[in-house]
Amino acid sequence: MVTRADIGVIGGSGFYSLLDDAEEIQLATPYGPPSDVVTVGRIGSRSVAFIPRHGRDHRFPPHRIPYRANLWALRMLGVRQVLAPSAVGSLRAEYGPGALVIPDQLVDRTSGRVQTYYDIDGAVHVSFADPYCPSGRSTAVRTARSGGWETVDGGTLVVIEGPRFSTRAESQWYAGNGWSIVGMTGFPEAILARELALCYTSISLVTDHDAGVEAGQGVTHDEVLEFFAQNVARMRTLVSETVQSLPEERTCPCGSALDGIKLPFELP
Ligand SMILES: [Zn+2]
């Protein structure tokens, strides 16, 4: 393969493109095709591959996204650092719509999603105590703050199965545990990135208050999409600037995630 990229961006709801004048690549993986053609281009001096997580026409609901194919495709292209912008609900009154959260922890409340590449020929157990890349996180926080975003450094992202939103009781339970935000796509994306020794950073834009915080009828899909659409240009700018600020050489632990582990197959 000739086309290469070193940074991957997986765009969330409302975020369907990033690069202009980019090359479109149709990729096949052992896990089927990714969500859409992958576009590869440059932002400043960095080569970037972009995948719209739900497909450009939003054809994949959160529980049907080809997560394994997406991360594998990025790795095939040479990507080692991944940025994952997404829309989330807030579990805290103080984080309103427009706040940006760069979580440092994750709680998996999904069910029935394949969450590993290593489901044949022996067990591979990778560490997931700290699910996000520390250097990607600090770069995103620094870049967002210098761009004037109200940014929360850290917090716990609860990933629910969806496609339905939370009940009020679920939402209050999550909030009562001290968790910060709730989304539907951050898992298994984060663990699959780790299983490929990729850096992974969630850039979560709060679009609404989840059911527990709000006294009204709770969040609707239209509200989420409308809010995200209003903020897409700003998110694109933030992602572009973060891409250019990511380290050229990785010094974080992510690249060593598989050291000493015998893999049943070779990674691309
Ligand atoms: Zn890293």
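Mentor: Along the chain, the donors of the zinc ion follow the spacing C-x65-C-x52-C-x1-C. This is a predicted model, in which local features need pLDDT of at least 70, side-chain atom pairs count only at pLDDT 80 or more, and totals for chains, interfaces and linings use all residues. Residues are numbered from 1 along each chain as its sequence is written, and side-chain values use heavy atoms, with hydrogens and water left out.

Trainee: What makes C133, C199, C252 and C254 donors of the zinc ion?

Mentor: Donors are N, O and S atoms within 2.8 Å of the metal (3.2 Å for Na, K and Ca); water is not among the atoms, so sites may look incomplete. The SG atoms of these four residues lie 2.2 to 2.3 Å from the zinc ion, so they count as donors.

Trainee: Why is the site of the zinc ion called tetrahedral?

Mentor: Four donors count as tetrahedral if all angles lie between 85 and 135 degrees. The angles among the four donor atoms are 97 to 114°, so the site is tetrahedral.

Trainee: Why is helix α4 described as largely enclosed by the rest of the structure?

Mentor: Buried means under 20% relative accessible area (1.4 Å probe, protein chains only). Ten of the ten residues of α4 (residues 186-195) are buried, so the helix is largely enclosed.

Trainee: Why are α2 and α5 called oblique to each other?

Mentor: Angles under 35 degrees count as roughly parallel, over 145 as roughly antiparallel, 65 to 115 as roughly perpendicular and the rest as oblique. Helix α2 (residues 134-146) and α5 pack at about 130°, and are therefore oblique.

Notes:
Four donors count as tetrahedral if all angles lie between 85 and 135 degrees; four count as square planar and six as octahedral if opposite donors are over 155 degrees apart and all others between 65 and 115; anything else is irregular. Buried means under 20% relative accessible area, exposed over 50%, partly exposed in between (1.4 Å probe, protein chains only). Helices (H or I, at least four residues) and strands (E, at least two) are DSSP runs, numbered from the N terminus. Axes are lines fitted to C-alpha atoms, for helices over the stretch in contact, and angles run from 0 to 180 degrees between N-to-C directions.
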